[in-house]
Amino acid sequence: MASPKLFSPLTLGGLELANRIVISPMCQYSADENGSMTDWHKIHLGHLALSGAGLLIVEASAVAPEGRITSGDVGLYSDDNEQAMARVLESVRTHSPMPVGIQLGHAGRKASCQAPWEGGAQLSLEEGGWQTVAPSDVAYQDGQRPPQAMSLDDIEQLKANFVASAKRAERLGFELIELHAAHGYLLHEFLSPLSNQRDDEYGGSLENRMRIVLEIFDAVRAVFPDDKPVGIRISGSDWVEGGWDLEQSVELAKALDARGCSFIDCSGGGLDPRQTLNVGPNYQVPFARRMKQEVAMPVIAVGLITEPEQAEGIVFGGEADAVALARGILYDPRWPWHAAAKLGATVHAPKQYLRSQPHTLKKLFG
């Protein structure tokens with residue numbers, strides 16, 4: 001019986017993954033008021049790092065205080081942030097060999113909000129919210145406080161912030177950086193004509209709207225070690241007429257591919273509440289399938305991937321090089337174990353758990 005493709009190695013840049021299961025960055029809204037990780041992150045990341053996946057990516061970490069979605073978001077913009085993250089990573093790495101990456105981002109006009117379990121609404125300044133920034137002074141939805149349109153100086157500062165956070169990521173020993181240009185956050189806001197109404201070199205044409213993403217990629221790539229991958233997550237479409245779409249995504253991907261981007265992670269939506277989409281299994285996989293036809297770099301697929309056979313079909317069929325799990329692996333943090341059992345593969349488990357191997361699966365843990 002042939003080994004399942006899902007459990008074959010994959011190389012991203014100079015990083016080899018043991019299998020093709022990626023744990024997506026997932027915001028926990030559980031940092032302290034200064035954006036520093038807490039004991040929750042030790043528990044959360046620690047148990048995911050024991051799952052047997054090929055790669056764990058830490059949640060979106062803001063490159064500036066105003067770039068946090070909520071006041072409970074993780075940041076990587078201060079010495080305190082870096083030190084708190086170092087403590088968490090030390091704990092995780094003591095007990096897991098899994099490579100750990102980080103997603104760097106800025107929430108743009110979708111910042112200054114409540115945590116989802118508090119309703120997720122935008123916070124007023126009186127409630128402890130803050131002034132948001134965006135390419136243009138266009139609010140995410142009616143009734144919200146408009147963001148402040150970024151000046152050219154603001155854009156230069158944003159680039160510097162990404163570079164500073166990337167340097168912190170290197171000091172922390174992260175093996176990978178993913179830039180967050182999806183889900184309606186700041187870099188996505190520059191890409192979409194629905195949120196970017198600028199008339200300077202960062203707005204208007206597709207070339208201009210892509211400019212900041214390419215400049216930030218180049219700047220981060222220049223300060224992160226050559227053998228460590230720098231990739232990107234994009235939304236393949238806004239799912240709104242006249243917005244960012246798959247054809248524009250392809251052009252961005254080609255430009256990044258030419259610059260040596262290590263991988264592209266294809267999600268979707270999040271920019272405009274008018275989006276219309278049909279959510280179901282594999283609903284975003286067509287974005288990855290198209291990218292596989294257009295670029296040389298590895299492609300990661302997402303989108304209600306919940307079953308082992310479903311994930312195996314995606315990578316075996318060449319629709320993507322890897323799959324990324326989010327809610328599904330929160331619900332079942334041993335998903336890779338169960339997938340390996342179902343598909344007849346071998347997966348890593350910590351020595352403390354080896355005796356949990358079912359007696360009918362003598363080779364599950366190697």
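1. A word on the ground rules. Residues are numbered from 1 along each chain as its sequence is written, and side-chain values use heavy atoms, without hydrogens or water. Because this is a predicted model, local features need pLDDT of at least 70 and side-chain atom pairs count only at pLDDT 80 or more, while totals for chains, interfaces and linings use all residues.

2. Start with Arg-68, in the loop between β4 (55-62) and α2 (79-95). Arg-68 is buried (under 20% relative accessible area, with a 1.4 Å probe and protein chains only). Arg-68 has no salt bridge (a side-chain nitrogen of Lys or Arg within 4 Å of a carboxyl oxygen of Asp or Glu). The nearest side chain of opposite charge, Asp-32, is 6.5 Å away.

3. Now look at Leu-246, in helix α6 (residues 246-258). Leu-246 counts as partly exposed because its relative accessibility is 22% (the class runs between under 20%, buried, and over 50%, exposed). Leu-246 and Arg-290 are 44 residues apart in sequence, yet their C-alpha atoms are 8.5 Å apart in space.

4. Leaving aside residues up to four places away in sequence, Leu-246 touches Gly-236, Ser-237, Phe-287, Arg-290 and Met-291 (contact means heavy atoms within 4.5 Å).

How values were computed:
Helices (H or I, at least four residues) and strands (E, at least two) are DSSP runs, numbered from the N terminus. Lys and Arg count as positive and Asp and Glu as negative; His and the chain ends are not counted.
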